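Colleague: Could you take a close look at how the side chains pair up in this one, rings and charges above all? I'd like to know where the partners sit, and what goes on where the chains meet.

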Amino acid sequence: MILAEQVKELWANWYFHDAIVAALLTGAVWLAFRLRTREYWRLAFRQVFRRRIVTASFVMLCLYSLVAVLDSVGYHPALRDEQGNARTNPRTGAVVTDENGVSALDVVLTWAKIRGTDETSYSAPLAAAALNLETTVNAQGETVREPPPLKHPGRHLLGTDKIGQDVLYLAVKSIRTGMILGLITTLLAIPLAVLFGVVAGYFGGLTDDVIQHIFTVLASIPNILLIVAFMVVFGQGLPQLSIVLGIASWTGLCRVLRGETMKLRETEYVQASEAAGVSRVRIMARHIMPNLMHIVLITAVLGFSGRVMSETALTYIGIGVGAGTISWGVMINDALGELTRDPVVWWKLFAAFIFMLGLVLPANLFGDALRDALDPRLRTE
Amino acid sequence: MLAYIIRRVAYAFPILFGVNVALFSLFFFVNSPDVMARQNLGEKRVTPEQIENWKREHGYHLPRFFNAGETGWSKLTQTIFWQKSMRLFIFDFGKSDSDNSRIGEAVCRRVPYSLFVTIPIFLIGMAIGLVFAVLAAFYRATYIDAALLVVCVFLMSIPLMLYILAGQYLLAIVLKLTPISGFARPLWIALKFLVLPVIIGVVAEFGSGVRYDRTIFLEEINKDYVRTARAKGLGEVAVLFKHALKNAMIPILTSVVVAVPFLMTGSLLLEKFFGIPGMGNYLIDAIHRQDFAIVRAMVFLGSVLYVGALIAVDVSYTLVDPRVRLK
């Protein structure tokens, strides 16, 4: 196939999944540029990146984000027959394209020979032969019972699973699911929580009562039960799960912020500002919110890892992303049944765990360092 | 104070009513009783009569809000909203959708089993968390503090599921110290079954607990009154445990009391993996059987407990922090 034709096909059938991922990305870049000009944040970030492990964590998070973004952009290739001709719809004559699409990450993984190297069943990491035994007749005409050789021997760094999928491929593809669960929910949760929490805590009285009533109705359903109720009605799936995790996560932060604001309202500097006639909006924006940012940040980052991990449990009890989505939770869930096999099929569990740890641990470390640097009360210089 | 408590309890009713309405719209508008009937009958070809029968049997045949066919108060009470939602307020949970058992009885039977697991985890976890947090604050900015923090962050980055798998494998299969899973009737026999889930629960909570408590302590330690206490010649132990601890208890209380409802609803994963017949297992079974009546009852019960806990938080604020005034 000629390159120009390929480009044309790419242009006609490209996609970018999740406008929210795109919005997040542009938002992050914009925020980074804006914060560069502020002395306070520049100092804070200088302090954050002084420790090597934090810098490493940040690089790791960037790497995961890159994989997630690469996995979000792609195209729907035309389905082809054996001769390589594009299949067309017999009635309309339109080219039939692959519904699932091929992401940029898939292209990279195909090139790295991680994708499209399926076997028929289990095989151990870097093995040359499968796990199961097959009766065959060898060159000498003897009937032997031995594991059949793999189609791609030594190619599977983390082995293959029950239906012969490369485990490394599954683990890498799960990154996008994890990032979406961790980030989209935060995007939903934080602005709501800050707005309602600060306003309720600062104004008190009737405003407090009304806002409290709104968020307490939502918040008084314990998170896990809210998720259960939502998911049994709407069924399993990634969009449903992200939305309900977002709904579930904003109220907790909101209550903490309200409580903190109530305390800050009584501090001398806020009362001095009030006496000096500073407007209430300005007091909230300039004097209260900066003193809450570390709480917002630590909650967001802590929530991030918690939500990524909660997916494993939710999938286990049957209200997760569903079997059609590739995720660490689904992998761990599949692996549970394989642990009782002999020999033990440990690599799927191992791969999911290591890849999840690779996201969650840096997120926690980075969040910690960021908190230490941003909290004015913990600041050392 | 008393007026405040009474007012908060009175507030709880509109909140629970809100929860009720939210639940009702989720289960009876987004999801219709017909769909529920079809899911529960579970057969390929379900006739409209079968659906109608199932709905009549479970009380879903009534109109949602207003029954024009009745007279007087029955116009309001002979409705799904009244029968299925409002009756939750008197803790009448009705019957399960899938096997017609009474939900209230099942809840009463199962709550103690959940408490056997959650209360030890809660108490041991809180005590260990506080001790280590004070320790970290005492040795702040030394290698001990840094090492403890790294351990915490690492422990926090592991999902509960893997703690359970690793715990069962190490303690039950390799070392054979505890049974893998199961439960027995009298409590003293059940103890050996409870050891493993409690250990796992405490270890799984350790990281986040210590880290949270440590943050609070460090905030307190940099405050003026701590400096004053030191200046007056108090030892570090007295400063930490008598002065800082009291003030640190305010935010810690919030996180602790908010966890109270989960003592009753139990830990879903721990109960499932260890075969403990508590509330968590009940809920998981309900999810698998698509038994929405149980899910509704559990959500409402959880909300009632949570609202109660929140009132307790705000009241306890006044007890430990005179700066917080309840108007």
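Modeller: Let me start with the rule for a charge and a ring: the charge sits over the ring if NZ of Lys or CZ of Arg is within 6 Å of the ring centre and within 35 degrees of the ring normal. Keep in mind that you're looking at a predicted model. One case that passes is in chain B, where B:Arg296 has its charged end over the ring of B:Phe27, 5.8 Å from the ring's centre.

Now for rings that pair with rings. Two rings make a pair if their centres lie within 6.5 Å, and counting that way gives 16 aromatic pairs over all chains. B:Phe24 and B:Phe28 are both buried.

B:Phe132 and B:Phe206 are a pair of another kind. Here the ring centres are 5.1 Å apart and the planes stand at 80°, so this pair counts as edge-to-face. Are the two buried or partly exposed? B:Phe206 has a relative accessible area of 14%, and because buried means under 20%, it is buried. B:Phe132, at 29%, is partly exposed. Over in chain A, one aromatic cluster is formed by A:Phe49, A:Phe58 and A:Phe366.

On to the charges that meet charges. Over all chains, the structure holds 11 salt bridges. In one of them, A:Lys173 pairs with A:Asp71, with 3.0 Å between the closest N and O atoms. This bridge links distant parts of the chain, since A:Lys173 is in helix α6 (residues 167–203) of chain A and A:Asp71 in helix α4 (residues 52–72) of chain A, 102 residues apart. A:Lys173 and A:Asp71 are both buried.

Another salt bridge joins A:Asp208 and A:Arg258, whose closest N and O atoms are 2.8 Å apart. A:Asp208 belongs to helix α7 (residues 205–219) of chain A and A:Arg258 to helix α9 (residues 238–265) of chain A, so the bridge ties together parts 50 residues apart in sequence. Once again, both A:Asp208 and A:Arg258 are buried.

Then look at A:Lys348 and A:Asp334, a salt bridge with its closest N and O atoms 3.2 Å apart. A:Lys348 lies in helix α14 (residues 347–374) of chain A and A:Asp334 in helix α13 (residues 328–338) of chain A, so parts 14 residues apart in sequence are tied together by this pair. A:Lys348 is buried at a relative accessible area of 3%, whereas A:Asp334, at 38%, counts as partly exposed. Some bridges share partners, too: A:Asp71, A:Asp106 and A:Lys173 are joined into one network that way.

So what about the place where the chains meet? The contact takes 48 residues from chain A and 52 residues from chain B. About 4500 Å² is buried between chain A and chain B, and carbon and sulfur atoms give 73% of that area. On the chain A side, A:Leu225, A:Tyr316 and A:Ile317 lose the most area to chain B, together 13% of what that side buries. How many salt bridges run between chain A and chain B? The count there is zero, while three residue pairs between chain A and chain B are in polar contact. The elements of chain A that give two or more residues to the side touching chain B are α7, α8 (223–234), α9, α12 (293–316), α13 and α14. Of these, α14(A) gives the most, with 10 residues.

How values were computed. Residues numbered from 1 in each chain as written. Chains lettered and ligands numbered in written order. Predicted model: local features only at pLDDT ≥ 70, side-chain atom pairs only at ≥ 80, totals over all residues. Heavy atoms only, no water. Phe/Tyr/Trp six-rings, centres within 6.5 Å; stacked < 30°, edge-to-face > 60°. Buried < 20%, exposed > 50% of the residue type's maximum accessible area, 1.4 Å probe, protein only. Salt bridge = Lys/Arg side-chain N within 4 Å of Asp/Glu carboxyl O. Helix = DSSP H or I, 4+ residues; strand = E, 2+ residues; numbered from the N terminus. Contact = heavy atoms within 4.5 Å. Buried area = accessible area lost by both parts, 1.4 Å probe. Polar contact = N/O pair within 3.5 Å; in protein donor to acceptor, adjacent residues only side chain to side chain.
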